[in-house]
Amino acid sequence: MLGENFSIKKLDAEKARYVRECLFKTPKSRNTKKVTRGLTLKEQIRLSESEQLDVISNRSVEKYITYFKTLLNWAIELKYVSENPFGSMKVATNKKQNRYDYFHKDHITVMLNELAKGKKGLANTESRYWGAMIAIYTGARRNEIASLLPEDIKQDEATGIWYFNITDEEETKKLKTGAAKRIVPIHSALLNRNFLD
């Protein structure tokens, strides 16, 4: 936005507001979408304005502003700069905009009906079928489900209850947060469909 050779010492309130304005115009998934991939940020923003592309959420803008605040506070501590132009900057977040969509009961019914068709339906492979079933009956994230291994399916010795051991112990596994490490009992609907087999 300000150029890679821009000196932090030249950052003032006007330039901080410019950075915030640019963030509000930054396209979503800018480095992965074909239309914006490989372009500079300025080119991506110009394209976003002309083509009316979807832009990042207010929550994402707020997150970036927080990063800048933290960076400038660190620079103040080290005496690189004397003030933080992002210090009092706020971003109005629309709670409705940031709320995640969820499946309603009728959506789940449609999915279960499709799954009941077996290979004649949309879930026409083992991984599609079981991936969808595990998602419905555990609420686990896609990457958590995709990284499950047979050894992650365990049985509690005391109770006999089967469960998923969702961890990030393998090198290829990544959880969103430390709190995402957990055990999830395997729903009887999965067991009744011979999931363990």
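**Pockets and sheet of the predicted model**

The largest pocket is lined by 24 residues, of which Gly131, Ala135, Arg141, Arg142 and Ile145 lie nearest its centre. A pocket here is an open set of points on a 1 Å grid over the protein atoms alone, where a 1.4 Å probe fits, with protein on both sides within 12 Å along at least five of seven lines; lining residues have an atom within 4 Å of a point. The model is predicted, with local features needing pLDDT of at least 70 and side-chain atom pairs pLDDT 80 or more, while totals for chains, interfaces and linings use all residues. Residues are numbered from 1 along each chain as its sequence is written, and side-chain values use heavy atoms, without hydrogens and water.

The volume of the largest pocket is about 610 Å³. Helices H5 (105-116), H6 (126-138) and H7 (142-146) each give two or more residues to its lining, and H6 gives the most, with eight. Helices (H or I, at least four residues) and strands (E, at least two) are DSSP runs.

The second largest pocket has a volume of about 290 Å³. Its lining includes Met1, Phe6, Phe68 and Phe86, and helix H3 (residues 58-77) contributes the most, with three residues.

Three strands form an open antiparallel sheet in the order E1-E2-E3. Strands E1 (153-155) and E3 (182-185) stand at the edges with a single partner strand each, so one side of each has no neighbour in the sheet. E1 pairs with E2 (residues 162-166) over three bridges, pairing requiring at least two DSSP bridges. Glutamine 155 stands opposite tryptophan 162 in E2.

Notes:
Points joined across faces, edges and corners; volume = space filled by probe spheres on them.
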